[in-house]
Amino acid sequence: QRKLVLTKKGIIFRAIILFYSLNKINDAMKQIEVFYTKSLRNNEDYGFHTLVIKALNYLPVVSEGTTDPLKATRENYVSRFEAFDKAYMQNTKLDEVEALSAADAAVDEAYSASRAFINAMRRHPDETKRAVAEEVGRIYDKYGNPVKLGHSEELSVLRNLLQEIQSYINSYLEPIYFTEWRDYLSETTDALEEAMRSRTNAESRKDKGIIQSTREATDEAYRQFTDRVNVVTAYEGGTNYDQFIDYVNALIKQHRANLKARTTRSSKKKDENLTFEPVKQTEENPQE
């Protein structure tokens with residue numbers, strides 16, 4: 001009986017040693033880190049999945065006649081991403097976007113050419129013409145160059161610029177031949193505003209919910225796939241999946257750093273916007 005008890009204790013002890021040994025081996029194996037993609041912006045999430053999909057080539061090649069343990073989850077992930085890709089890219093394929101780009105280029109040229117002309121006229125040998133050009137030139141100087149601004153801000157600057165220039169009668173501007181330049185800038189500005197309106201209307205007609213739904217489906221498919229990679233890696237052992245795992249973990253590290261930096265910038269901005277007012281003391285000995 002005594003010998004039997006010792007034997008059972010020995011078996012239990014060996015089992016415990018084996019359990020901890022296996023866990024230690026599994027701990028040493030590489031695993032894809034848990035990463036919650038929900039914190040990413042749409043463009044960041046799209047870029048993240050694009051790079052992970054490209055890295056699928058790093059996975060080990062499955063021999064013919066051998067079962068692929070990742071096949072189902074990998075194909076599901078790729079399929080979900082393709083739907084996300086189609087929904088995400090529709091914004092850049094709108095005809096109205098190309099029209100807006102063309103209108104922006106036209107108004108940029110009109111502004112730059114008209115300002116170059118007025119600057120040249122500011123050096124005209126005729127004093128009277130030079131004085132008129134100088135007055136118009138000061139309006140250009142006042143508002144600065146809007147070419148590098150966003151569309152809305154650029155349009156606002158151009159409207160204010162034109163409003164001041166159009167306050168002069170034609171007979172005042174005609175001696176320096178600036179009426180045609182003014183009309184050219186006005187026409188291209190009107191075209192820019194119309195192109196912006198068309199683009200906005202086109203975007204409002206899109207099913208914006210499809211981007212969010214396809215993104216969420218892709219995020220979930222990614223989680224299922226990476227969970228499966230971790231399970232298969234732990235089960236098979238070895239280093240077959242190390243290259244893929246290292247690549248994905250590097251992406252995760254990079255995106256975590258970006259999120260942290262954005263949070264830090266946002267926190268600093270909030271601190272800068274805080275205003276502190278002195279507390280008004282209403283009684284000398286306030287009661288608690």
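Here are a few notes on one helix pair and on the aromatic rings in this predicted model.

1. Ground rules. Local features need pLDDT of at least 70 and side-chain atom pairs count only at pLDDT 80 or more, while totals for chains, interfaces and linings use all residues. Numbering starts from 1 along each chain as its sequence is written, and side-chain values use heavy atoms, with hydrogens and water left out.

2. H2 against H9. Helix H2 (residues 42-54) packs on helix H9 (residues 209-236) at about 40°, axes 11 Å apart. Helices here are DSSP runs of H or I, at least four residues, numbered from the N terminus; axes are lines fitted to C-alpha atoms over the stretch in contact, with angles from 0 to 180 degrees between N-to-C directions. The two are therefore oblique (under 35 degrees is roughly parallel, over 145 roughly antiparallel, 65 to 115 roughly perpendicular, the rest oblique).

3. Who touches whom. With contact meaning heavy atoms within 4.5 Å, H2 brings Asn42, Asp45, Phe48, His49 and Val52, and H9 brings Ile211, Gln212, Arg215, Thr218, Asp219 and Tyr222.

4. Rings. Phe, Tyr and Trp rings (six-membered ring for Trp) pair if their centres lie within 6.5 Å; planes under 30 degrees apart are stacked, over 60 edge-to-face, the rest tilted. That gives 17 aromatic pairs. In one of them, Tyr111 and Tyr140 have centres 5.6 Å apart and planes at 40°, so this pair is tilted. Tyr111 sits in H4 (residues 95-121) and Tyr140 in H5 (residues 127-143), so the pair ties together parts 29 residues apart in sequence.

5. Burial. Tyr111 is buried at 2% relative accessible area, and Tyr140 is buried at 1% (buried is under 20%, exposed over 50%, partly exposed in between; 1.4 Å probe, protein chains only).

6. Ring cluster. Phe35, Phe48, Tyr77, Tyr222, Phe225 and Phe244 are linked into a cluster by ring pairs.
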